[in-house]
Amino acid sequence: MAAELTPGHEVVLETDRLLLRPWRVAEAVVQRELWAERDPRVPPHRRIDAAGHPTVAELEEAIRTGRSPAGLLAIERKAEGDVIGYCGLIDGGGELAFELLRRRWGRGYATEAATAVVEWAGSAGHGRLWATVWEWNTASRRVLAKLGFTEAGRDAVHGTTLVTTKQL
């Protein structure tokens with residue numbers, strides 16, 4: 001895995017197949033697709049609402065103005081040049097988060113991207129990371145287990161959300 005800082009001090013990570021980098025405004029359509037295909041068990045505030053929000057225009061504006069969640073990098077497949085999801089650190093840099101388009105599931109991309117982020121976090125001085133995952137999300141739980149995250153409890157607010165941690 002290679003890592004570098006871009007001129008704006010943004011993290012760019014590279015693996016054999018992937019480039020993890022800041023989002024481009026034109027890629028808001030990918031973010032919208034992620035919102036649109038989320039499992040119905042995902043809380044409503046994380047899905048497209050009855051009025052159709054967030055719209056592509058709203059997501060474009062969030063990218064343009066830097067209001068997208070800081071730390072979430074676009075996952076680009078290097079050979080194809082397409083963006084397939086995101087991975088990165090949120091909540092002040094301590095929480096690992098990732099999500100892929102459904103059509104790209106089952107190919108090891110989430111594990112590859114998350115491994116790059118975890119390795120970068122260790123080299124950047126993080127001593128511990130955490131991740132939350134819904135109990136029913138077995139695919140993401142498998143990714144976290146492969147990375148060495150262990151279950152540490154449940155989120156007190158959302159009882160079906162597991163909290164996992166990893167010492168670096």
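Helices (H or I, at least four residues) and strands (E, at least two) are DSSP runs, numbered from the N terminus. The model is a predicted one, in which local features need pLDDT of at least 70 and side-chain atom pairs count only at pLDDT 80 or more, while totals for chains, interfaces and linings use all residues. Residues are numbered from 1 along each chain as its sequence is written, and side-chain values use heavy atoms, with hydrogens and water left out.

Along the principal axes, the C-alpha atoms fill a box of roughly 40 × 40 × 30 Å. Of the 168 residues, 45% count as buried (under 20% relative accessible area, with exposed over 50% and partly exposed in between; 1.4 Å probe, protein chains only). The accessible surface comes to about 9,000 Å², of which 53% belongs to carbon and sulfur atoms; areas come from the Shrake-Rupley method with a 1.4 Å probe, and for residues only the protein chains shown count as cover. Among contacts (heavy atoms within 4.5 Å) with a separation of 6 or more, 55% are between residues 24 or more positions apart.

Strand 3 (residues 18-21) is covered on both faces, with L18 and L20 buried on one side and L19 and R21 buried on the other. Strands pair if DSSP finds at least two bridges between them. Strand 2 (residues 11-14) runs antiparallel to strand 3 and is joined to strand 3 by two bridges; a hairpin of three residues connects these strands, and E14 has L19 as its bridge partner. Strand 3 also runs antiparallel to strand 4 (residues 72-77), with four bridges between them. R21 has A74 of strand 4 as its bridge partner.

Helix 3 (residues 109-123) has 15 residues and reaches 21 Å from its first C-alpha to its last, close to the 21 Å expected at 1.5 Å a residue; the expected span is 1.5 Å times one less than the number of residues. Its buried residues include Y109, T111, E112, V117 and V118. Just after helix 3, G125 takes a positive phi of about 100 degrees.
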